[in-house]
Amino acid sequence: MEDPVYHYVVIDDNESIQSFIIQVLNEFDWLCVEQSFGNLSDAVCYLKCHEVDIVFLDLCLPDMDGLDIFDQLEKMPYTIIITAFADQFSRGVCRKIGKGISAFLEKPFTSEALLNAIENFKRSRLKGE
């Protein structure tokens, strides 16, 4: 039986962060990047029409607060928050935990931290969560 392939998108206005995530995760044949976005509006439009398994979500975006995505989509994929402003958004994040936030990475994060978040995702899928 072949292992499933999980699809993800990156939503971050910093192209270096987008590239870093994609480069690190490109090592895994069970992960496939679908798109990367620099703003929330384009990402929401894409996610309304395409199903993905993981969303890497920056909270501070040029057009909207990243948490606004939870009000615009009915169902959220496994969501990994990435932000440099952890303290500023902690209240908002706490309100959204039950709606799909599954992991949190504070910028700057290491490849090891990113890999730990992905391993947690994989473990959750193996458990059927």
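The model is predicted, and local features need pLDDT of at least 70, side-chain atom pairs count only at pLDDT 80 or more, while totals for chains, interfaces and linings use all residues. Residues are numbered from 1 along each chain as its sequence is written, and side-chain values use heavy atoms, with hydrogens and water left out.

Q: What makes a stretch count as a helix or a strand?
A: Both are DSSP runs, numbered from the N terminus: a helix is H or I over at least four residues, and a strand is E over at least two. From the N terminus on, the elements run β-α-β-α-β-α-β-α-β-α.

Q: Why is F121 called buried?
A: Buried means under 20% relative accessible area, with exposed over 50% and partly exposed in between (1.4 Å probe, protein chains only). F121, in helix α5, has a relative accessible area of 0%, so F121 is buried.

Q: Why do T79 and Y8 get that label too?
A: T79, found in strand β4, has 0% relative accessibility and therefore counts as buried. Y8 lies in strand β1 and is buried because its relative accessible area is 2%. Across the protein, buried residues make up 43% of the 129 residues.

Q: How do you know which residues F121 is in contact with?
A: Contact means heavy atoms within 4.5 Å. Leaving aside neighbours within four places in sequence, F121 is in contact with Y6, W30, D53, I54 and Y78. F121 and Y78 are 43 residues apart in sequence, yet 7.5 Å apart in space, C-alpha to C-alpha.

Q: What does Y8 touch beyond four places in sequence?
A: Its contacts include I21, I22 and L25, along with L31, V33, I54 and F56. Y8 and F56 are 48 residues apart along the chain, and their C-alpha atoms are separated by 7.6 Å.

Q: Where do the buried residues of α1 lie around its axis?
A: In helix α1 (residues 15-25), the buried residues are I17, Q18, I21, V24 and L25. They cover an arc of only 145° around the axis, so they are on the same side of α1; the arc is that of the directions from the helix axis to the C-beta atoms. On the other side, E15, S16 and Q23 are exposed. The cover over the buried residues of α1 includes β1 (6-11), β2 (31-37), β3 (54-58), β4 (78-83) and α5 (111-126).

Q: What makes N14 a cap for α1?
A: A polar contact is a pair of N or O atoms within 3.5 Å; within protein, one must be able to donate a hydrogen and the other to accept it, and residues adjacent in sequence count only if both atoms are side-chain atoms. At the N-terminal end of α1, a side-chain oxygen of N14 lies 2.8 Å from the backbone nitrogen of S16. The side chain of T79 likewise reaches the backbone oxygen of P77 at 2.8 Å.

Q: How do you know that the charged end of K122 sits over the ring of W30?
A: A charge sits over a ring if NZ of Lys or CZ of Arg is within 6 Å of the ring centre and within 35 degrees of the ring normal. The charged end of K122 is 4.3 Å from the centre of the W30 ring.
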